[in-house]
2 protein chains.
Amino acid sequence: MRLYDGGKAPNPRRVRIFLAEKGVEVPLVSVDMTAFGHKSDTVRALNPLQRLPVLELDDGTALSESVAICRYFEEMFPEPPLMGVSILDRAVVEMWQRRIEMHLLAIVGNVFRHAHPAMAEWEVPQIKEFSEANRPKVLDMLSLLNSELADRPFIAGERFTIADITAMIAIDFMKPARLQVPDDHLALMAWYGRVKARPSAGA
Amino acid sequence: MRLYDGGKAPNPRRVRIFLAEKGVEVPLVSVDMTAFGHKSDTVRALNPLQRLPVLELDDGTALSESVAICRYFEEMFPEPPLMGVSILDRAVVEMWQRRIEMHLLAIVGNVFRHAHPAMAEWEVPQIKEFSEANRPKVLDMLSLLNSELADRPFIAGERFTIADITAMIAIDFMKPARLQVPDDHLALMAWYGRVKARPSAGA
């Protein structure tokens with residue numbers, strides 16, 4: 001088994017953090033995305049959508065999509081659980097994971113990809129107006145998260161889960177997108193401090 | 001338990017199809033999204049993101065996000081399995097489900113929401129250039145699906161799964177977006193005929 005990794009980009013990072021939380025070590029194959037390594041024939045053969053990370057299993061099966069890779073490891077190595085501990089809890093974790101993905105991570109990505117000069121070859125055409133239109137949506141979601149986190153320690157409840165990983169990488173992705181958490185979002189900042197202090201955050 | 005339903009929109013529809021495949025009947029509460037019923041105080045209290053569907057459980061828990069709702073029913077009513085039958089198969093189904101969601105359903109949505117006159121109050125600002133930029137991405141994904149379906153009956157393999165449901169509603173959503181499956185995509189059309197012929201398709 002080996003994981004084709006994409007370095008600093010948000011999706012490769014969230015799979016590495018997930019594995020670090022599980023205490024599972026998987027051999028990494030580094031792919032330089034800044035040199036468009038994810039467009040290589042090797043990666044294309046593993047994932048026709050040319051995205052990273054990709055997990056190649058010993059039987060040759062190639063799994064892509066970060067959350068699908070995480071689910072594979074969740075079931076292979078159930079402890080500690082990062083995707084819920086009961087039928088209802090798993091559904092609640094998935095609800096939050098998806099909310100964060102679609103209303104924060106993807107939206108920050110829209111702001112970044114459609115405005116940052118480094119993305120000019122990645123996102124064609126770059127549409128500045130679309131980047132700008134997404135900025136207030138990021139702030140709306142941060143505000144919702146700040147109020148949700150006022151009365152619980154983690155995004156999906158009492159436990160650290162994949163929803164926290166996705167939220168942390170989304171907030172870190174705000175920096176290159178030139179977005180900031182508003183100063184008065186104290187509950188959100190306290191949560192960020194907690195998740196960022198975990199050893200896995202450096203993975 | 002009751003399901004706050006949103007009629008013809010893609011996400012409410014995919015949950016109803018999922019339930020029909022399971023043979024599970026859940027009382028529906030109809031919400032008129034054309035009259036902005038999803039922005040009501042009732043829906044906001046259940047889902048701060050004001051999206052449908054929402055499943056309200058007997059203990060008051062409100063579950064939103066279509067795939068989270070589907071996963072809840074998958075675990076409560078395992079037969080027939082619609083999200084995979086083994087650890088690896090579940091990961092493969094999730095991979096395909098997410099590929100279809102992000103590279104087809106969401107992209108068709110971008111074409112539709114940023115161009116259709118009926119969406120002018122929903123997507124502010126509507127950015128026509130962004131709608132246009134998404135059209136070729138839809139065609140790329142249809143081409144990939146057509147080649148994938150040349151040698152297997154369903155999106156994620158030998159069985160009908162949630163990935164087929166998401167793909168069918170995405171392709172049906174192409175009509176209001178004024179997009180068409182190219183005539184030479186025969187394997188994709190044969191697959192569409194198979195899934196559309198299932199009784200669940202009318203749910």
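Author: A residue is buried if 20 or more other C-beta atoms lie within 10 Å of its own, exposed if 12 or fewer, and partly exposed in between, with C-beta atoms placed from the backbone. The model here is predicted, so local features need pLDDT of at least 70, side-chain atom pairs count only at pLDDT 80 or more, and totals for chains, interfaces and linings use all residues. Residues are numbered from 1 along each chain as its sequence is written, while chains are lettered from A and ligands numbered from 1 in the order in which they are written.

Reader: Is Phe36(A) buried, exposed or partly exposed?

Author: Phe36(A) counts as partly exposed, because it has 13 C-beta neighbours inside 10 Å. Phe36(B) is partly exposed too, with 13 other C-beta atoms within 10 Å.

Reader: Where does Phe36(A) sit?

Author: Helices (H or I, at least four residues) and strands (E, at least two) are DSSP runs, numbered from the N terminus. Phe36(A) lies in the loop between strand 2 (28–30) and helix 2 (41–46) of chain A.

Reader: What domains does chain A have?

Author: Domain bounds come from an automatic or database domain assignment. For chain A it gives domain 1 (2–76) and domain 2 (87–202). Their centres, taken over C-alpha atoms, are 21 Å apart.

Reader: How many residues of each domain take part in the contact?

Author: Two residues are in contact if their C-beta atoms, placed from the backbone, lie within 7 Å. Domain 1 of chain A gives eight residues and domain 2 of chain A gives nine. On the domain 1 side, helix 1 (residues 10–22) of chain A has the largest share, seven residues.

Reader: How many residues of chain B touch chain A?

Author: 28 residues of chain B are in contact with 27 residues of chain A. Helix 4 of chain B brings the largest share of its side, 10 residues.

Reader: How is chain B related to chain A?

Author: Copies are superposed by least squares on the C-alpha atoms of residues with pLDDT of at least 70 in both. A rotation of 180° with 0.0 Å of shift along its axis puts chain B on chain A, at RMSD 0.0 Å. That is the relation of a two-fold axis. In chain B, the C-alpha nearest the axis belongs to Phe130(B), 3.6 Å from it. The copies meet through the same surface, because 96% of the interface residues of chain B are also interface residues in chain A.

Reader: Which residues of helix 5 of chain B are buried?

Author: Among them are Phe130(B), Ser131(B), Ala133(B) and Asn134(B). The buried residues of this helix pack against helix 5 of chain A, together with helix 4 and helix 7 (186–196) of chain B.
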